[in-house]
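Subject: Structure handover and notes

Hello,

The structure we discussed is below, sequence included. Please look it over before reading my notes.

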Amino acid sequence: MPSAERYPARRHVAWRAIDTEALVVDPKAGLLYPLNSVAARIWELCDGARTVEAIIDIVAEEFDAPRATITADTNEFLEALAASNLIRLDDKPQRPASRPEGREA
Amino acid sequence: MPQAQRNGAVYLDIAGLRLRVTGATGEARAWLLDRYRPFVACAAAPAISIHLRMERRRGRGPSTPRLERDGRRFRLAMGACRATGDLRRNSALLEMPYSAGALAPSALRVLCAMFLLERGGFFLHASAALEREQAWVFCGPSGAGKTTVARLAGERPVLSDETVAIVTEHDHYAAASTPFFGEGGPVMATLNRRAPIRAVCFLNKGTQFAHRRLDVRQIVERAFPQVFLPKSDPAIAAGVLGHLVDFARRVPCFELTFARRAELWEYVHALG
């Protein structure tokens with residue numbers, strides 16, 4: 001489980017938001033991963049400026065589910081993203097981009 | 001004699017990409033003119049220059065194509081072929097073994113795909129046929145039935161049984177034929193035509209006919225693996241994704257389960 005104090009940051013991979021969902025390219029395999037709306041929101045929040053705890057706070061506020069479930073699901077998802085090398089879990093925050101690169105202007 | 005044959009260069013028009021191919025002489029040049037015959041064009045205003053450097057002996061490269069983009073330049077390693085390209089200058093150098101023919105279709109397809117991507121288009125693993133000057137496109141991985149559908153087209157002109165170029169044209173998308181045929185052989189690449197797309201069907205083989213309309217995410221998810229380009233480079237993958245999202249918002253797409261019967265086209269008509 002990633003520490004609540006770490007800062008998840010998307011690696012430089014291609015992705016695209018489609019309405020509330022998203023598609024992320026795994027560069028190693030050249031495959032496309034579809035993300036549902038909750039996963040897409042977590043992915044978008046992985047900007048290197050927020051801790052795992054802060055991401056869980058935002059998701060708990062925006063989605064109607066028990067906090068314990070959201071915490072467990074978010075941790076599991078972040079772990080999977082880190083294992084696939086799609087995010088880093090940094091010790092220090094980064095400055096977020098003004099607009100997430102997978103979002104259309 | 002057409003201007004294309006008068007001097008050393010060979011001019012090709014593939015999906016609107018006007019190519020000037022140099023470096024092939026003698027037998028190699030004759031092979032080139034024969035292999036790409038329907039796509040040989042006149043010399044007017046070539047937009048992209050491709051120079052071939054053929055070597056008698058050349059070691060094997062990676063079996064999985066490797067394509068990297070660095071700004072407006074790109075590098076390709078594919079089997080025994082190596083290429084570098086410049087998208088701003090519209091030029092590429094392709095180094096390849098002499099034995100692979102004058103211009104290996106698989107390498108040319110990747111080069112063209114890079115230039116097409118810059119122009120908002122892409123090559124789709126698909127067959128296509130024309131009806132009333134509109135293109136029906138049938139997409140899927142190997143074995144999905146692309147060539148089968150092309151063979152069931154009857155009198156309808158077939159654009160390709162393997163590789164269809166999706167190009168932007170004014171305010172719509174069009175499908176264009178390519179010289180990159182599949183198991184149907186050269187007979188599936190005898191036309192050089194394009195037409196607005198009526199619909200795209202993602203194929204499944206079955207014993208009955210069935211279909212469902214796909215939403216944007218479903219279309220992109222299905223089409224992405226069928227775009228002919230190595231996608232491990234984030235800039236290239238992002239370009240493909242961007243074009244596909246726009247395409248999916250503007251072109252009706254269906255999942256089509258089909259039986260290998262002539263009624264296929266009657267069924268397809270009911271979709272549109």
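The notes below cover confidence, the contact between the chains, the cores and a few individual residues.

Confidence. This is a predicted model, scored at ipTM 0.84 and pTM 0.90. Chain B has a mean pLDDT of 91, and 94% of its residues reach 70 or more.

Contact between the chains. Chain A contributes 15 residues and chain B contributes 14 residues. About 1300 Å² is buried between chain A and chain B, with carbon and sulfur atoms giving 71% of that area. On the chain A side, A:R16, A:I18 and A:L32 together supply 33% of the area that chain A buries against chain B, more than any other three residues. The count of salt bridges between the two chains is 1. In it, B:R217 pairs with A:E21, and the closest N and O atoms are 2.6 Å apart. For polar contacts between chain A and chain B, the count is 1 residue pair, with both residues at pLDDT 80 or more. Three strands of chain A each supply at least two residues of the side that touches chain B: strand 2 (15-18), strand 3 (21-26) and strand 4 (31-35).

Cores. The largest nonpolar core has 85 residues, and the members that touch the most others are B:I14, B:L19 and B:V220. Helix 3 of chain B (residues 105-118) gives the largest share of this core, 10 residues. Another core, of 22 residues, lies apart from it and includes A:W43, A:C46, A:I55 and A:I87.

To come back to B:L19: leaving aside neighbours within four places in sequence, its contacts are B:V10, B:Y11, B:L12, B:I14, B:I48, B:I50, B:L108 and B:C112.

Helix 1 of chain A. This helix spans residues 37-45, and its buried residues include A:A39, A:A40, A:I42, A:W43, A:E44 and A:L45. The N-terminal end of the helix is capped by A:N36, which places a side-chain oxygen 3.2 Å from the backbone nitrogen of A:V38.

A:E101. This residue sits in the segment after strand 5 (87-90) of chain A. Is A:E101 buried or partly exposed? A:E101 counts as partly exposed because its relative accessible area is 46%, and the range for that class lies between 20% and 50%. Leaving aside neighbours within four places in sequence, A:E101 is in contact with A:R10 and A:W15. The C-alpha atoms of A:E101 and A:A14 are separated by 8.4 Å, although the two residues are 87 apart along the chain.

Regards

Definitions and conventions. Residues are numbered from 1 along each chain as its sequence is written. Chains are lettered from A and ligands numbered from 1 in the order in which they are written. Side-chain values use heavy atoms; hydrogens and water are left out. A nonpolar core is a set of buried Ala, Val, Leu, Ile, Met, Phe, Trp, Tyr and Cys residues joined through side-chain atoms within 4.5 Å. Buried means under 20% relative accessible area, exposed over 50%, partly exposed in between (1.4 Å probe, protein chains only). Helices (H or I, at least four residues) and strands (E, at least two) are DSSP runs, numbered from the N terminus. Contact means heavy atoms within 4.5 Å. A polar contact is a pair of N or O atoms within 3.5 Å; within protein, one must be able to donate a hydrogen and the other to accept it, and residues adjacent in sequence count only if both atoms are side-chain atoms. pLDDT is the predictor's confidence in each residue, from 0 to 100. Buried area is the accessible area (1.4 Å probe) that two parts lose on being put together, summed over both. A salt bridge is a side-chain nitrogen of Lys or Arg within 4 Å of a carboxyl oxygen of Asp or Glu.
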